[in-house]
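Here's a walk through the model you have open. Keep the viewer handy as you read.

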Amino acid sequence: MVGIIMGSDSDLPIMQEAIDILESFDIQIEVDIVSAHRTREKLVDYSKNAHKRGLKVIIAGAGGAAHLPGMVASMSPLPIIGVPVKSRNSIDGWDSVLSILQMPGGVPVATVALDGAKNAGILAAQIIGASDTFVLDKIIAYKEGLKLKVEKASENVRK
């Protein structure tokens, strides 16, 4: 249901957080490397056909120039969530953030925080949960768990 793509395997440690959270919600995923600059034909095929394979949302992580999320969004009818990745050739990650965030009108990319793949996974699950009660129930339980964790921490601090 969710495609998780990244520009190179060096992005995998960050993108693993999206993989893990979606798996915890029992959401089917496919993971691949699709480079906007080095595998243009694969990028076009992936973007234009992802919905035909049953995907509902695409999470695209990229560092540096970070063109992957925007290029996918320009060709896909699906919601795209961009994860800016702080890479070794990055300008403190700001180049990636701005490349993904500053999309022109008509080509939206939902953008999460720098290295925020976990939130990208949660957002993808929430999008799917809007029309899938099984996933929605898992999101509700997850959020309740977050609340309980904070309440427990608060209780421990007050002691």
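## The ring pair

Start with phenylalanine 25: its relative accessible area is 3%, so the residue is buried (buried means under 20% relative accessible area, exposed over 50%, and partly exposed in between, with a 1.4 Å probe and protein chains only). Bear in mind that this is a predicted model, where local features need pLDDT of at least 70, side-chain atom pairs count only at pLDDT 80 or more, and totals for chains, interfaces and linings use all residues. Numbering runs from 1 along each chain as its sequence is written, and side-chain values use heavy atoms, with hydrogens and water left out.

How many aromatic pairs does a search of the whole structure find? It finds one. The ring centres of phenylalanine 25 and tyrosine 142 are 5.5 Å apart and the planes sit at 90°, so this pair is edge-to-face. For the cut-offs, rings of Phe, Tyr and Trp (its six-membered ring) pair if their centres lie within 6.5 Å; planes under 30 degrees apart are stacked, over 60 edge-to-face, and the rest tilted. Phenylalanine 25 is in the loop between α1 (12-24) and β2 (29-33), while tyrosine 142 belongs to helix α6 (residues 133-158), so the pair ties together parts that are 117 residues apart in sequence.

## The overall layout

Zooming out, the chain has six helices and five strands, counted as DSSP runs (H or I of at least four residues for helices, E of at least two for strands) and numbered from the N terminus. In sequence order the pattern reads β-α-β-α-β-α-β-α-β-α-α. With a radius of gyration of 16 Å, close to the 15 Å that the globule rule gives for 159 residues, the chain is as compact as a globular protein of that length. That radius is taken over C-alpha atoms, and the rule is 2.2 Å times the number of residues to the power 0.38. The C-alpha trace spans about 55 × 35 × 30 Å along its principal axes.

As for burial, 41% of the 159 residues count as buried. Among contacts with a separation of 6 or more, 67% come from residues 24 or more positions apart, where contact means heavy atoms within 4.5 Å.

## Surface and charge

The accessible surface of the chain is about 8600 Å², and carbon and sulfur atoms hold 56% of that; the areas come from the Shrake-Rupley method with a 1.4 Å probe, and for residues only the protein chains shown count as cover. The chain has 17 positive and 18 negative charges, and their mean positions are 2 Å apart. Lys and Arg are the positives and Asp and Glu the negatives, with His and the chain ends not counted; each charge is placed at NZ of Lys, CZ of Arg, CG of Asp or CD of Glu.

## Around helix α3

Which residues of helix α3 (residues 68-75) are buried? They are Leu68, Pro69, Gly70, Val72 and Ala73. Their cover includes β1 (2-6), α2 (40-49), β3 (57-63), β4 (80-85) and α4 (94-101).

Glycine 70 has 11% relative accessibility and so counts as buried. Beyond its neighbours within four places in sequence, glycine 70 contacts Met103, Val107 and Val109.

Serine 47, in helix α2, is buried at 0% relative accessible area. Not counting residues up to four places away in sequence, serine 47 touches Met71, Val72, Met75 and Ser76.

## Helix α5 and alanine 117

Alanine 117 is part of helix α5 (residues 117-129) and is buried, at 0% relative accessibility. Leaving out neighbours within four places in sequence, its contacts are Ile14, Met15, Glu17, Ala18 and Val83. The C-alpha atoms of alanine 117 and methionine 15 are 5.4 Å apart, though 102 residues separate the two along the chain.

## Loops and positive phi

Alanine 66 isn't a glycine, yet its phi is positive, at about 55°. This residue sits in the loop between β3 and α3. Is alanine 66 buried or exposed? At 3% relative accessibility, alanine 66 counts as buried.

Aspartate 92 also has a positive phi, near 55°, and its place is the loop between β4 and α4. Aspartate 92 is exposed, with a relative accessible area of 53%. Arginine 88 is found in the loop between β4 and α4 and is exposed at 85%. Its C-alpha atom is 8.5 Å from that of glycine 63, 25 residues away along the chain.
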